[in-house]
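Visitor: Hi! Could you walk me through this one?
Guide: Happy to, here it comes.

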Amino acid sequence: IHTKWYSPHAWTREITSSSDNWAYEDQHGTTCHWGAETARDYWYNTWGIKGLDNNKAGVTVMVDDDELSDNSRFDTKSNVIQVGTLSSNGSTVGALDIMGHEYTHGVSKYTAGFTQDPESWALNESFSDIFGTLVKRYVTGSVNWTFGSDLPSAFRSFSSPGSYGASGSYTGDPDTYLGTNWRSTATTTADDFAHHNNGVQN
């Protein structure tokens, strides 16, 4: 795992420290690196998978990506986890369950055969939510059935999907296929389709 500061041109400067007195910005890198490392350890110690591809494929973590305010993503082309900052207080988005979520996208890339079909993408998001939460449980020993709960506000619920995800005419995320709050490809973007309709499997 290589953890680096975001640059729009090159990912050249790895995060290092000559002491254990980390500056505020360095804590973002430490937090994200630990989250990715924990996800890697979870997948190996629980399922025997070595790296993303079970052949020790690594991952780069790109911290404080200013193109990803309040968000994170996994770049499938380069095996890079890109982590933004919170617009509310400038802290990192890289909470443990979120880093587990993004790392799981990398495992899915090599193992699951997901496609860009909207429903396949929604399942991809759901499995990443589920295993991201299991990565958190791997450390804490418990779960609270919300996703992103270590951020100022959680944004998805396993026990009550409809409690989160309200947008436009939708009052929350769906908990039933084609049921209340199900997003349609005719009325929503592919990204919104995947990140809301994953509530059905969650």
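Visitor: Where is Thr146 found?
Guide: Thr146 is in strand 5 (residues 146–147); strands are DSSP runs of E with at least two residues, and helices are H or I runs with at least four, numbered from the N terminus. This is a predicted model, where local features need pLDDT of at least 70, side-chain atom pairs count only at pLDDT 80 or more, and totals for chains, interfaces and linings use all residues. Residues are numbered from 1 along each chain as its sequence is written, and side-chain values use heavy atoms, with hydrogens and water left out.

Visitor: Is Thr146 buried or exposed?
Guide: Thr146 is buried, at a relative accessible area of 18% (buried is under 20%, exposed over 50%, partly exposed in between, with a 1.4 Å probe and protein chains only).

Visitor: And what does Thr146 touch?
Guide: Leaving out residues up to four places away in sequence, Thr146 touches Asp97, Ala154, Arg156, Ser157, Phe158 and Tyr164 (contact is heavy atoms within 4.5 Å).

Visitor: New topic: which residues in helix 3 meet helix 4?
Guide: From helix 3, Pro118, Glu119, Trp121, Ala122 and Glu125 meet Ala190, Asp191, Phe193, Ala194, His195 and Asn197 in helix 4.

Visitor: What about Glu37, where does that lie?
Guide: Glu37 lies in helix 1 (residues 24–47) and is partly exposed, with a relative accessible area of 29%.

Visitor: How many residues apart in sequence are Glu37 and Ile1?
Guide: They are 36 residues apart in sequence, and 7.1 Å apart in space from C-alpha to C-alpha.
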